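Take a look at the structure, then read on.

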Amino acid sequence: MYLLELGGEDDAFAAREAASAATGIRRIAPGIAVARGIVPERVRGLAYTHRASELLGRGAADLESARAVLEAASIDREGSVAVRATDVHGSSGVSTERAERELGQILVDRGFPVDLEEPDHLLRVVFSAGVLDGDASGDALEPVTDDGDGGDGGDGGDGPAGEQGSVCALGWLAAESVRDFGARAPTDKPFFQPGSMDPLLARAVANVAGARTGATILDPMCGTGGVLVEAGLVGADVIGTDAQAKMAAGARENLAHFLDAENPSPTGANRGSWHVGRGDATRLPLTGDAVDGVVFDAPYGRQSKIDTHRLEDLVSGALAEAHRVAPRAVVLADRSWASEARAAGWELESSFERRVHRSLTRYVMVLERRTA
């Protein structure tokens with residue numbers, strides 16, 4: 001079992017993205033989830049999950065429970081240790097400094113040397129109390145149950161969205177996401193246009209669409225290429241089209257800047273190959289099942305910038321073409337296009353609302369092909 005430390009912005013959406021790097025995910029308290037298994041190299045590329053740790057045990061969100069879990073745990077490790085504690089949103093009121101000091105002392109008493117700078121093993125301790133956010137549509141993940149090795153004690157906090165969780169979870173750090181998104185702020189890229197997607201969200205939707213080494217991801221309305229950059233940095237090969245020649249050219253500039261380097265990306269993956277051209281999202285120059293996943297950010301407002309299409313026709317056509325070329329799609333928009341997606345043959349696997357600012361909410365739909 002593994003402990004996942006979520007980013008704290010939208011736990012339901014974070015858990016959905018984490019499913020690209022972990023199996024059997026279940027949220028147990030604000031900012032905390034558990035998983036049955038992880039792929040460490042994919043964890044490094046997550047946007048809304050910060051860390052994954054081998055779960056040592058869990059209990060109620062207080063220091064006494066944390067001490068009891070650690071004292072009872074079997075620790076089959078050698079080498080130096082350090083303890084790092086966090087209190088999600090300050091919700092439990094536990095002093096993290098005191099927790100680190102007291103839990104560290106337990107490890108010292110068990111014979112482990114402490115190295116605060118470069119320990120061989122880092123014990124993560126997370127306290128959280130509060131109500132789980134999200135709803136059934138945004139939390140459709142496979143539940144997990146403790147099988148005896150999770151050290152469950154006290155109020156474990158398991159439950160669906162809307163229920164109270166009170167949890168401390170302890171685990172040995174196994175993988176950590178690379179937090180370099182600030183280096184790719186939209187305004188710092190070679191080509192920028194207002195309204196460009198921030199790299200955190202771009203990485204998350206690319207991951208949900210299936211971006212990884214060996215996969216091919218398509219964005220048929222690629223704009224400045226932000227989603228394609230993030231998909232390429234986790235190893236996917238990427239294809240983009242845009243109806244405007246200016247945007248296609250700008251996307252090529254951005255992709256060349258971030259993906260043409262020979263060295264691995266900061267996530268450790270080899271940078272994916274890329275191709276961008278001018279094109280119509282309703283008439284893609286691709287054969288059926290040509291790609292593994294499609295992501296697109298539908299135009300906002302009432303009009304598209306393709307003179308030959310009404311907005312409704314553009315989105316409906318793009319959904320139909322996405323269904324033809326890929327088994328999965330992730331669509332962002334300023335409204336729900338669920339009825340149009342179903343008409344195109346998609347099943348709505350999950351959906352989320354992401355508040356950008358006071359006047360804009362992004363709807364995120366995760367679509368899967370219907371099965372017979």
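R67 is partly exposed, at 28% relative accessible area, while its salt-bridge partner E102 is buried at 17%. (Buried means under 20% relative accessible area, exposed over 50%, and partly exposed in between, using a 1.4 Å probe and protein chains only.) Helix α3 (residues 63-72) holds R67 and helix α4 holds E102, so this pair ties together parts that sit 35 residues apart in sequence. Helices here are DSSP runs of H or I with at least four residues, strands are runs of E with at least two, and both are numbered from the N terminus.

Before going further: this is a predicted model, where local features need pLDDT of at least 70, side-chain atom pairs count only at pLDDT 80 or more, and totals for chains, interfaces and linings use all residues. Residues are numbered from 1 along each chain as its sequence is written, and side-chain values use heavy atoms, leaving out hydrogens and water.

How many salt bridges are there? The count comes to 19, taking a salt bridge as a side-chain nitrogen of Lys or Arg within 4 Å of a carboxyl oxygen of Asp or Glu. Here are some of them:

| Pair | N to O distance |
|---|---|
| R67 and E102 | 3.4 Å |
| R184 and E230 | 2.7 Å |
| E312 and R310 | 3.4 Å |

R184 and E230 are both worth a click. R184 counts as buried at 3% relative accessibility, and E230 is buried too, at 0%. For E312, the figure is 29%, so that residue counts as partly exposed. Shared partners also join E5, R51, R124 and E176 into one salt-bridge network.

Next, the backbone. Most residues other than glycine have a negative phi. H89, in the loop between β7 (81-87) and α4, has a positive phi near 55 degrees. D289 also has a positive phi, of about 55 degrees, and is found in the loop between β12 (274-278) and β13 (293-297). Both side by side: H89 is exposed at 65% relative accessible area, and D289 is exposed at 52%.

Finally, the surface. V108, V114 and L116 form a nonpolar patch there, with about 240 Å² of accessible area together. Patch members have over 30% relative accessible area and no salt bridge; like charges are joined within 9 Å and nonpolar side chains (Val, Leu, Ile, Met, Phe, Trp, Tyr) within 5 Å. Areas come from the Shrake-Rupley method with a 1.4 Å probe, and for residues only the protein chains shown count as cover. L116 is in the loop between α4 (96-109) and β8 (121-131).
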